[in-house]
Amino acid sequence: MLTGDAGSGKTAALRNLRDQRPEPEYRIVYICDSSVTPAGVYRKLAAALGLKPARQRDALWRQLKTTIEHLVDVEGVIPTLVLDEAQHLPDSLFLDLTGFLNRNFDRPELLTVWLVGLPSLAARIGMRQHAALASRVAATNVMPPRGREDFMELLEHGLKVSHGLPRQASRLLRTSLMLAHDRDQSFVDERVMLDACEELQLGRPSVTPSGAETEQPRGDRGTISRK
């Protein structure tokens with residue numbers, strides 16, 4: 001479980017982890033849908049694994065478990081399910097997820113599930129009705145608010161990628177604001193700033209869960225090196 005205030009860098013950290021775990025060794029399925037039902041999660045997971053989802057839940061469970069066991073035991077693939085904005089998910093999903101993870105899924109190496117959301121997510125999982133699911137949480141991670149030192153590092157990076165030019169810094173700020181507006185966000189978070197750097201072909205730093213930044217390699221003339 002990963003929690004933190006809005007804009008603290010949760011999704012950016014997960015994206016960086018995903019980039020460090022490429023396919024086919026890892027199969028990461030990302031779902032961000034606050035209105036999704038338990039059956040909807042299983043169908044999206046099945047579709048992402050290349051299956052034609054069965055209509056009946058019992059059949060869909062068997063289908064998924066058989067496929068995931070094959071991925072792990074035969075193909076050596078590590079599957080991971082990420083449920084973002086999980087604080088909005090219905091209680092029915094948390095209750096159902098406990099049953100889905102039973103039986104052979106008690107093997108810790110079969111399927112990893114990341115529950116990601118605001119601090120209220122931890123409070124919900126801590127409720128008595130979700131005790132069974134809470135007992136399966138292997139690690140609880142919290143993204144703390146950025147302190148003054150981290151904030152100054154972000155400013156330093158902004159000056160670096162703009163080569164100290166006020167006009168470039170202004171372009172970066174305007175682009176970030178436009179991207180945030182297009183995404184119906186009233187704030188500029190780390191993900192928006194990183195995407196703005198990429199759109200303007202500035203150095204894009206990689207963000208680690210601890211909040212540290214390392215600038216991605218540049219190609220000639222200051223553009224991003226792409227594979």
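Contact, as used here, means heavy atoms within 4.5 Å. This is a predicted model, in which local features need pLDDT of at least 70 and side-chain atom pairs count only at pLDDT 80 or more, while totals for chains, interfaces and linings use all residues. Residues are numbered from 1 along each chain as its sequence is written, and side-chain values use heavy atoms, with hydrogens and water left out.

**The open sheet**

- An open sheet with parallel pairing is formed by 5 strands in the order 2-3-4-1-5. Strands (E, at least two residues) and helices (H or I, at least four residues) are DSSP runs, numbered from the N terminus, and two strands pair if DSSP finds at least two bridges between them.
- Strand 2 and strand 5 (141-143) are the edge strands, each pairing on one side only.
- From one strand to the next, the twist averages 20°; axes are lines fitted to C-alpha atoms, for helices over the stretch in contact, and angles run from 0 to 180 degrees between N-to-C directions.
- Strand 1 (residues 2-4) and strand 4 (residues 112-117) run parallel and are joined by 2 bridges. Leu2 has Val116 in strand 4 as its bridge partner.

**Thr67 in helix 3**

- Thr67 is located in helix 3 (residues 57-73).
- Why does Thr67 count as buried? Thr67 is buried because its relative accessible area is 17%, and buried means under 20% relative accessible area, exposed over 50% and partly exposed in between (1.4 Å probe, protein chains only).
- Leaving aside residues up to four places away in sequence, Thr67 touches Leu49 and Leu51.
- The backbone oxygen of Gln63 is reached by the side chain of Thr67 at 2.8 Å.

**Nonpolar cores**

- A nonpolar core is a set of buried Ala, Val, Leu, Ile, Met, Phe, Trp, Tyr and Cys residues joined through side-chain atoms within 4.5 Å.
- The largest nonpolar core has 32 residues, of which Val41, Leu64, Phe100 and Leu115 touch the most other members.
- Elements giving two or more residues to this core include strand 2 (26-31), helix 2 (38-48) and helix 4 (91-100). Helix 3 provides the largest share, 6 residues.
- Another core, of 8 residues, lies apart from it; Leu179, Val192, Ala196 and Leu200 are among its members.

**Cysteines**

- The count of disulfides is 0, a disulfide being a pair of cysteine sulfur atoms within 2.5 Å.
- Cys32 is partly exposed, with a relative accessible area of 43%, whereas Cys197 counts as buried at 1% relative accessibility.

Methods: A polar contact is a pair of N or O atoms within 3.5 Å; within protein, one must be able to donate a hydrogen and the other to accept it, and residues adjacent in sequence count only if both atoms are side-chain atoms.
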